[in-house]
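User: I would like to learn how to read this structure feature by feature. Please give the general idea each time, then the case at hand.

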Amino acid sequence: MVVATVIGNLVASPQEVGKDLDTTVARLRVAYDQPNGGTGFITVLAYGNTAVSCLKWLEKGRGVCVVGRLRFNEDSQGEKHVLVANTVKFLARANGQAHDSEEDPGETEGHSEAVSDEAEAITA
């Protein structure tokens with residue numbers, strides 16, 4: 001298992017991509033700075049409560065720090081690697097304001113290894 005941390009900004013608002021076994025699944029597309037000066041992009045899948053919080057609070061341009069495990073396989077949309085989120089930390093908003101702790105949770109945890117491989121296969 002390869003654990004990775006990605007810090008970047010959302011390219012688009014999160015999308016709910018389905019439910020499996022009553023578990024909400026959200027897809028996030030994150031842009032990040034590469035060491036060579038370019039920009040990289042990665043798809044993040046969030047499950048359960050993490051997905052629900054991401055769908056509720058995140059929007060295009062929002063900064064995030066995602067910690068999760070890399071999954072290497074080509075899916076139906078041509079993605080060669082996907083980051084399965086364990087923790088998503090909400091960073092500064094697009095307007096530069098930090099999160100409001102009374103309204104915005106700031107950080108979510110929720111992916112458990114108990115989520116079946118079949119549930120992780122949802123990428124459409």
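Analyst: Read along the sequence, the chain has the order β-β-β-β-α-β-β-β-α. Helices (H or I, at least four residues) and strands (E, at least two) are DSSP runs, numbered from the N terminus. The total is two helices and seven strands. This is a predicted model, in which local features need pLDDT of at least 70 and side-chain atom pairs count only at pLDDT 80 or more, while totals for chains, interfaces and linings use all residues. Residues are numbered from 1 along each chain as its sequence is written, and side-chain values use heavy atoms, with hydrogens and water left out.

User: Where in the chain is confidence lowest, and where is it highest?

Analyst: The score to read is pLDDT, the predictor's confidence in each residue, from 0 to 100. Its mean over the chain is 79, and 69% of the residues reach 70 or more. Strand β1 has the highest confidence, at 95, and helix α2 (residues 117-120) the lowest, at a mean of 40. The pLDDT is below 50 over residues 111-124, a stretch that has 37 contacts in the model beyond near neighbours in sequence; a contact means heavy atoms within 4.5 Å. Where pLDDT is low, the predicted coordinates should not be read in detail.

User: Which strands pair, and in what sense?

Analyst: Two strands pair if DSSP finds at least two bridges between them. Strands β3 and β4 are antiparallel, with nine bridges; Y32 has G40 in β4 as its bridge partner. These two strands form a hairpin with five residues between them, and G37 in the turn has a positive phi of about 100 degrees. β1 also runs antiparallel to β3, with two bridges, and N9 is opposite A31.

User: How does β6 pair?

Analyst: On β5, the pairing is antiparallel and has nine bridges, with R71 opposite V82 of β6. With β4, the pairing is parallel, over three bridges; there L45 has V84 of β6 as its partner.

User: Why is β6 described as largely enclosed?

Analyst: Burial is read from relative accessible area: buried means under 20%, exposed over 50%, partly exposed in between (1.4 Å probe, protein chains only). Strand β6 is largely enclosed by the rest of the structure because seven of its ten residues are buried.

User: Which residues of the largest nonpolar core touch the most other members?

Analyst: A nonpolar core is a set of buried Ala, Val, Leu, Ile, Met, Phe, Trp, Tyr and Cys residues joined through side-chain atoms within 4.5 Å. The largest one here has 19 residues, and L28, V44, L58, L83 and V88 touch the most other members. Two or more residues come from each of β1 (2-10), β3 (23-33), β4 (39-47), α1 (48-57), β5 (63-72) and β6 (81-90). The largest share, four residues, is that of β6. Another core lies apart from it and has six residues, including V25, Y47, V82 and V84.

User: What does L28 touch?

Analyst: Leaving out residues up to four places away in sequence, L28 touches L10, P14, I42, T43, V44, A46, C54 and L58. For the chain, 58% of contacts between residues at least 6 apart in sequence join residues at least 24 apart.
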